[in-house]
Amino acid sequence: MKAHQIADKVYWVGAVDWGIRDFHGYATERGSTYNAYLVIDEKVTLIDTVKRPFLNELLTRISSIIDPEKIDYIVSNHSEMDHAGCIREMIEICKPEKTFASPMGIKTLENHFNTDLNLSPLKTGDILELGSKTLSFIETKMLHWPDSMIAYMKEEGILFSQDGFGMHLATRNIFDDDIPEYVLEWEAEKYFANILMPYSNKIITLLDDIAEMNIPINLIANDHGPIWRKHITKIIDLYSKWSKHAYTPKAVVLYDTMWGATATMASYINEGLASQGIEVQTIPMSASHRSDVATEILSASALIVGSPTLNNNIFPSIVDVLTYIKGLKPKNLIGASFGSFGWSGEAIKQLNAHLQSMNVELISDGVKAKYTPDSTDLDKCYQLGQDAGKALLEKCK
Ligand code: FEO
């Protein structure tokens with residue numbers, strides 16, 4: 001449990017959570033880290049803390065280089081409990097001269113802990129002099145909480161980006177250098193889709209602002225996963241791409257099934273889409289997690305949803321995933337619905353209403369099949385796939 005130096009006078013002192021598999025509804029198959037940073041300067045400064053159960057790991061890593069009581073400043077860039085969960089204990093243990101947060105961060109932390117923590121505000125443009133290093137702050141409201149802010153250390157070219165550019169990945173690698181690119185890209189994309197997608201417009205503005213500032217960035221020191229060093233340009237380009245949601249020839253066919261009929265329909269829709277050269281991800285919700293669906297939808301422009309009718313309603317797993325995806329506010333999607341039924345068949349109408357409430361542009365009234373789809377029903381499914389593929393190719397022009 002040591003501190004790891006990442007730049008002159010700057011150390012990673014965070015915690016690795018190898019065991020977490022569910023992060024408020026997000027499946028974290030590879031665990032996570034809670035990154036915290038310590039600057040050993042005239043003013044010894046801790047940037048962010050860790051989730052409360054990891055307080056001892058944080059203290060042990062800090063103690064490997066300095067007595068925690070020598071900390072002069074604590075900066076909270078983000079009030080969510082995975083980064084501020086032990087801030088009250090850290091204030092009690094370290095007795096810092098000052099603890100800083102954004103004005104909204106002060107309100108959030110005081111509401112969390114129901115106490116006055118005697119916090120000092122940092123606003124956009126404020127600069128904290130640490131000695132030979134400085135930290136400049138930018139509030140990034142709603143990226144992804146109202147309190148969020150980022151800090152830049154110009155002397156080392158480090159952007160302390162809190163959740164931004166993060167990923168849930170437990171690793172012993174402090175930097176991105178030695179982690180396979182497919183792992184980095186999938187986990188960063190999954191993080192963006194599940195945490196940041198609703199705020200895409202704000203990310204576009206922030207990226208533009210950072211580009212305009214023309215500041216050198218040698219490290220992106222985020223709050224989850226490895227620090228970006230080798231792939232900085234790539235991850236910034238990916239954030240730019242993901243936040244724009246341009247139309248792409250990729251479709252997600254999402255379904256659940258009771259006795260296999262809706263699954264058969266899904267496979268014919270898949271064939272129809274593929275006949276137009278569309279990349280298709282067909283996802284059975286009986287064996288898939290909503291957070292992986294969100295990741296696939298981030299890079300897709302068509303969402304075709306299938307559900308049997310169960311007790312006059314949509315199948316519960318499909319309601320779950322649509323409710324979750326709606327909250328993530330995906331943009332630029334066309335869509336349609338399908339499903340089998342026995343005697344009433346309300347699911348299709350309800351699915352269409354769900355899709356419309358998500359601003360998905362419907363290309364059809366949907367296809368439904370009574371009990372087992374016959375060849376006419378399956379032709380309609382194939383045709384639906386073809387029509388969706390053609391509509392998508394038009395959008396991509
Ligand atoms: Fe990693 Fe928004 O907390």
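Predicted model: local features only at pLDDT ≥ 70, side-chain atom pairs only at ≥ 80, totals over all residues.
His 144 lies in the loop that connects β13 (134–139) with β14 (149–153); helices (H or I, at least four residues) and strands (E, at least two) are DSSP runs, numbered from the N terminus. A cis peptide bond, with omega at about 0 degrees, joins Leu 143 and His 144. Residues are numbered from 1 along each chain as its sequence is written, and side-chain values use heavy atoms, with hydrogens and water left out.

β13 and β14 run antiparallel and are joined by 4 bridges; two strands pair if DSSP finds at least two bridges between them. Within this pair, Phe 137 stands opposite Ala 151 in β14. β13 also has strand β12 (residues 127–129) as an antiparallel partner, through 3 bridges. Here Glu 129 faces Thr 134 of β13 as its opposite residue. The hairpin of β12 and β13 has 4 residues between the strands, and Gly 131 takes a positive phi near 135 degrees there.

Strand β1 (residues 4–7) pairs with strand β2 (residues 10–12) in the antiparallel sense, over 3 bridges. His 4 has Trp 12 as its bridge partner in β2, and Gln 5 stands opposite Tyr 11. Between these two strands the hairpin has 2 residues, and Lys 9 adopts a positive phi near 70 degrees.

Which strands make up the open sheet with mixed pairing? There are 7 strands, in the order β1-β2-β7-β8-β9-β10-β11. β1 and β11 (120–121) stand at the edges with a single partner strand each, so one side of each is left without a neighbour in the sheet. In general, strands of a sheet pair through backbone hydrogen bonds, either parallel or antiparallel.

One further backbone feature deserves mention. Lys 95 is found in the loop between α3 (87–94) and β10 (98–101). Although Lys 95 is not a glycine, its phi is positive, at about 45 degrees.

Finally, I come to the domains. The protein is divided into domain 1 (4–243) and domain 2 (251–396), with bounds that come from an automatic or database domain assignment. Their centres, taken over C-alpha atoms, are separated by 38 Å. The contact (heavy atoms within 4.5 Å) takes 16 residues from domain 1 and 15 residues from domain 2. Together the domains bury about 1300 Å², 58% of it on carbon and sulfur atoms; buried area is the accessible area (1.4 Å probe) that two parts lose on being put together, summed over both.

How many salt bridges are counted between domain 1 and domain 2? The count is 1, where a salt bridge is a side-chain nitrogen of Lys or Arg within 4 Å of a carboxyl oxygen of Asp or Glu. The side chains of Asp 292 and Lys 190 meet in a salt bridge at 2.9 Å, N to O. On the side of domain 1 that touches domain 2, the elements giving two or more residues are β5 (26–27), α5 (181–196), α6 (200–213) and α7 (232–244). The largest share, 6 residues, comes from α5.
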